[in-house]
Amino acid sequence: MFSLKDKVALVTGANTGIGQGLAIGLAAAGADIAAVGRTAPEETKAEVEKLGRRFAFIEADLSSTDGVEAVVTAAEAALGPVDILVNNAGTIKRNDALDFTEEDWDSVMDVNLKTLFFLSQAVARKMVAAGCKGKIINIASMLSFQGGIRVASYTASKSGVAGLTKLLANEWALKNINVNAIAPGYIATNNTAALRADEKRNAEILGRIPAGRWGNPDDLAGAVVFLASSASDYVHGTTLAVDGGWLAR
Ligand code: NAP
């Protein structure tokens, strides 16, 4: 029920951090990986191939929606039709709301929300035309549930991701596409390097995590395999927190 044998998974931002952990987890469950991003994912490629799965890199800057259809076509040409889409690529800008710039607003919203929607649309159009089952998994955040501080565009984008996940689930459930999201808690990646380097913030964060530790990218593998597999066929529109208990506090 959890096997992804011979499924094709398109994962954005798979060169590092959470995306790398998700790609390796999907490959371990049997999926071939089309990694989409702007940095060559050499390490991820080696890990996926070590697991005996096929790997293709499709170079794209996801700050613009211009190339999204070409990305899907390239993934299909390399590995076959896409069964699973993981919208992981994301960015964050920090500043007080009083000083927040339009540039920092747009750059985050474009990658985290706008491209996520149009890439989902491009993949879903193919799935619907082929009449096959599909799985779309969006990477949300604790800030899909909470307000956060000094990250206005990130909170707006990730709250938007949770909303869009529900909207797309409503529209596509009858078309055999499951749309769900994973909300990682505090995971040790580049994205959170500044927080971990700040002794005070690091101690505050750790003190609030019931599991008593930062998460690692591989802590998310079980959730993504579940949402990508037929084990979750009746799960639509949910945002699954994988957060060491953060939201339960
Ligand atoms: P990360 O290590 O900074 O990785 C971000 C990924 O997104 C990288 O692969 C990056 O590519 C890619 N990306 C960013 N902008 C891009 C663009 N314009 N075009 C193509 N690729 C782009 O951060 P992470 O923590 O793994 O984050 C992955 C996802 O998890 C994000 O959506 C993030 O918001 C979410 N998340 C993270 C945490 C956490 O605690 N770490 C918590 C909740 C949610 P480059 O390497 O080329 O920049």
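Guide: Let us begin with a definition: two residues are in contact when heavy atoms of theirs lie within 4.5 Å. Please note also that this model is predicted.

Visitor: With which residues is Ile33 in contact, leaving aside its neighbours within four places in sequence?

Guide: By that definition, Ile33 is in contact with Ala9, Val11, Ala23, Leu26, Ala27, Val48, Arg54, Phe55, Ala56 and Leu79. Ile33 also belongs to the largest nonpolar core, which has 28 residues. Together with Leu26, Val86 and Ile182, Ile33 is among those with the most contacts inside this core. At least two residues of the core come from each of strand 1 (8-12), helix 1 (17-28), strand 2 (32-37), strand 4 (84-87), strand 5 (134-139) and helix 8 (221-228).

Visitor: Which residues does the second, separate core include?

Guide: The second core has 26 residues, including Leu10, Ile136, Trp172 and Val179.

Visitor: Why are helix 4 and helix 5 called roughly parallel?

Guide: Helix 4 (residues 102-130) and helix 5 (residues 152-172) pack at an angle of about 15°. Angles under 35 degrees count as roughly parallel, and helix 4 and helix 5 are therefore described in that way. Their axes are 8 Å apart, and the crossing is right-handed.

Visitor: Which residues of helix 4 and helix 5 meet?

Guide: From helix 4, the residues include Trp105, Met109, Asn112, Leu116 and Phe117, and from helix 5 they include Tyr154, Ser157, Lys158, Val161 and Trp172. The residues of this contact divide into 14 nonpolar, six polar and two charged.

Visitor: Why are helix 1 and helix 8 called oblique to each other?

Guide: Their axes cross at roughly 55°. Angles from 65 to 115 degrees count as roughly perpendicular and those under 35 as roughly parallel, while the rest, apart from those over 145, are oblique. Helix 1 and helix 8 are therefore oblique. The two axes come within 9 Å, and the crossing is right-handed. Gly21, Leu22, Gly25 and Leu26 in helix 1 meet Ala221, Val224, Val225 and Ala228 in helix 8. Six of the residues in this contact are nonpolar, two are polar and none is charged.

Visitor: What makes helix 8 largely enclosed by the rest of the structure?

Guide: Buried means under 20% relative accessible area. Six of the eight residues of helix 8 are buried, so helix 8 is largely enclosed by the rest of the structure. The buried residues are Ala221, Ala223, Val224, Val225, Leu227 and Ala228. These residues pack against helix 1, strand 4, strand 5, strand 6 and strand 7 (239-242).

Visitor: How do you know whether Asn112 is buried or exposed?

Guide: Asn112, which lies in helix 4, has a relative accessibility of 2%. The limit for a buried residue is under 20%, and Asn112 therefore counts as buried. Not counting residues up to four places away in sequence, Asn112 touches Ala89, Gly90, Thr91, Tyr154, Ser157, Lys158 and Val161.

Visitor: Is Thr189 buried or exposed, and how do you know?

Guide: The relative accessible area of Thr189 is 13%. Because buried means under 20%, Thr189 is buried. Thr189 lies in the loop between strand 6 (177-184) and helix 6 (193-197). Beyond its neighbours within four places in sequence, Thr189 is in contact with Gly17, Ile18, Arg196 and Pro217.

Visitor: Why is Arg150 called partly exposed?

Guide: Arg150 has a relative accessible area of 39%. Buried means under 20% and exposed over 50%, with partly exposed in between, so Arg150 is partly exposed. Arg150 lies in the loop between strand 5 and helix 5 and has a positive phi of about 65°, although it is not a glycine. Leaving aside its neighbours within four places in sequence, Arg150 is in contact with Lys93, Arg94, Asn95, Asp96 and Phe100.

Visitor: Why does Asn176 count as partly exposed?

Guide: The relative accessibility of Asn176 is 45%. Asn176 is found in the loop between helix 5 and strand 6. Its phi is positive, at about 70°, although Asn176 is not a glycine.

Definitions and conventions: Residues are numbered from 1 along each chain as its sequence is written. This is a predicted model: local features need pLDDT of at least 70, side-chain atom pairs count only at pLDDT 80 or more; totals for chains, interfaces and linings use all residues. Side-chain values use heavy atoms; hydrogens and water are left out. Axes are lines fitted to C-alpha atoms, for helices over the stretch in contact, and angles run from 0 to 180 degrees between N-to-C directions. Helices (H or I, at least four residues) and strands (E, at least two) are DSSP runs, numbered from the N terminus. A crossing is left-handed if the near helix is turned anticlockwise from the far one by less than a right angle, and right-handed if clockwise. Ala, Val, Leu, Ile, Met, Phe, Trp, Tyr, Cys and Pro count as nonpolar, Asp, Glu, Lys and Arg as charged, and the others, Gly among them, as polar. A nonpolar core is a set of buried Ala, Val, Leu, Ile, Met, Phe, Trp, Tyr and Cys residues joined through side-chain atoms within 4.5 Å. Buried means under 20% relative accessible area, exposed over 50%, partly exposed in between (1.4 Å probe, protein chains only).
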